[in-house]
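Here is a short briefing on a protein model and its ligand. The points are grouped by topic.

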Amino acid sequence: MGEDVIIKSSVGVVGAGIQGVCISLFLVKKGFKVTLIDRDEPGKNSASYGNAGHFSPYASTPMNRPDVLVDVPSMLLSTNGPLALKWNYVPKMIPWFLKFIKNCSNKNMMHTAKYMHQILDLALPAYDELFKEIDISDLVENKGIIYFWTNKDLKSRELEINIRKKLGVEQQLLKPDEIHDLEPNIKKIYHGGVYYPSARHARNPRKILLKLLDLFLKRGGKFEKQNIETINFSSDNKPIIKTNSNSYTFDKAVIACGAFSKKLTDQVYEKIPLDTERGYHVHFKGYDHLLSRPVIFLNRGFGITPMEQGLRVVGTVEFGGLDNPISKKRILNLVNNAKYLFPELHKHHDEWLGFRPSLPDFLPVIGPSKNYKNLFYAFGHHHLGWTLGAITGKIITGMLAEENTNLNLTPYSSLRFS
Ligand SMILES: Cc1cc2nc3c(=O)[nH]c(=O)nc-3n(C[C@H](O)[C@H](O)[C@H](O)COP(=O)(O)OP(=O)(O)OC[C@H]3O[C@@H](n4cnc5c(N)ncnc54)[C@H](O)[C@@H]3O)c2cc1C
């Protein structure tokens, strides 16, 4: 028989990715008694470890947009493009695809853009509140980000630029010579680009996550390495979170398990259509001096970020669920794309597959559960979860503390799927 741990005035946060860690930290700062639980070492292999490290407050143009549907067939056929399918998973994902297609209307795209912008605009100030208390001097760079393109096959860049203009996002169009001045080592294959000066990048996302975790522990938070299997509720509505041998009762609980959250939300009678867009990275060790800031080559849908580990080459949207193995073809695609921009690159160092948590309307779920007032959700941040960690932590903490807010939080509610 396992131990039954009952903690008073308490919050259990399940998942120690960037959402769970930031939520836990803001909660302890507010005086909550917090236990953060993860089945793994925090940041060891999660999306919050392997992402491209962009803090992207400008990135409000969503994936659900009318032109995507037109572009998908050619993207799937292209050998160096960003999109891939694991065919054995396609039948399982049909309901998600149908909902996604519905969300590609102009109206729904603008709804997502508006409410992503609402939280993206607050993302960096929220991080700054946390970064005041840790030393991130070698870990975060404020050098913006560059997107560039060749004219061939690329219609969509104008839409993105126009939406960002409408939302008041700072952006500067770049001519080829200007791109070259900023990043002289990239092969001059581009015809144009855009620079987002507000972006920052992480030189090592995991180290940042661990520093935030350490601050949480120093503030009196607790971490437990446990795999959570079930969630039930006591007669007075307190969440009871169970592993295969232990059971924890908290006053309130937060599910922040990224792409894995659905396994738990399905148990509390919610039908949240969370799935994953799988993404990959490889490192070219010792080459980070070739870039000053992250770049994204839009035609091929991949990016390169200079990090402590070397050049981190990141990309691919692969629909294939949580259980399929890593795809060697996708790794090769990243390696070839990187060498196209930097022919001097030699052998890559390591290979990683990660899981973006994505909903078909490309808004996250942040808020209380439909059926249980003491259970909260914070997942589904898709391509922008690294950027949105701290603001999600602030919003969830405000909700648990029952504070008033000027933000319209309804668009993030799980009720939109009822
Ligand atoms: C290739 C790639 C590139 C990306 N680049 C960027 C970028 O540049 N900028 C950006 O803003 N975002 C980026 N993202 C997205 C971002 O990484 C994710 O949205 C974000 O990391 C999700 O954070 P999370 O805390 O929700 O989930 P995760 O980081 O996945 O963490 C979830 C945690 O929950 C734990 N867990 C799961 N189930 C259980 C359970 N049953 N019991 C206990 N623990 C459990 C896991 O072990 C894990 O530690 C990228 C993602 C990918 C894949």
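Leaving aside its neighbours within four places in sequence, Phe55 is in contact (heavy atoms within 4.5 Å) with Leu124, Tyr127, Phe131, Val140, Ala199, Arg200, His201, Ala202, Ile208, Trp386 and Thr387. This is a predicted model: local features need pLDDT of at least 70, side-chain atom pairs count only at pLDDT 80 or more, and totals for chains, interfaces and linings use all residues. Residues are numbered from 1 along each chain as its sequence is written, and side-chain values use heavy atoms, with hydrogens and water left out.

- The largest nonpolar core has 63 residues. A nonpolar core is a set of buried Ala, Val, Leu, Ile, Met, Phe, Trp, Tyr and Cys residues joined through side-chain atoms within 4.5 Å. Buried means under 20% relative accessible area, exposed over 50%, and partly exposed in between, with a 1.4 Å probe and protein chains only.
- Phe55, Ile208 and Leu212 touch the most other members of this core.
- Helix α1 (residues 18–29) supplies the largest share of this core, eight residues. Helices (H or I, at least four residues) and strands (E, at least two) are DSSP runs, numbered from the N terminus.
- A second, separate core holds 30 residues, including Tyr190, Leu291, Leu353 and Phe355.
- In soluble globular proteins, nonpolar side chains tend to be buried together.

**Ligand shell**

- The ligand is surrounded by 36 residues, each with a heavy atom within 4 Å of it. The closest are Asp38, Ser48, His382, His383 and Thr387.
- By class, the shell has 15 nonpolar, 18 polar and three charged residues. Ala, Val, Leu, Ile, Met, Phe, Trp, Tyr, Cys and Pro count as nonpolar, Asp, Glu, Lys and Arg as charged, and the others, Gly among them, as polar.
- α1, α2 (47–50), β16 (275–284) and β20 (351–358) each give at least two residues to the shell. β20 gives the most, with four residues.

**Backbone atoms at the ligand**

- A backbone N or O atom of Gln19 lies 3.1 Å from a ligand oxygen atom.
- A polar backbone atom of Leu384 is 3.3 Å from an oxygen atom of the ligand. For Gly385, the distance from a polar backbone atom to a ligand oxygen atom is 3.1 Å.
- The ligand taken alone exposes 1000 Å², and the protein buries 96% of that. Areas come from the Shrake-Rupley method with a 1.4 Å probe.

**His349**

- His349 sits in the loop between α11 (328–341) and β20.
- His349 counts as partly exposed because its relative accessibility is 49%.
- Leaving aside neighbours within four places in sequence, His349 is in contact with His283 and Lys285.
- The C-alpha atoms of His349 and Gly286 are separated by 9.8 Å, and the two residues are 63 residues apart along the chain.

How values were computed: Polar contact = N/O pair within 3.5 Å; in protein donor to acceptor, adjacent residues only side chain to side chain.
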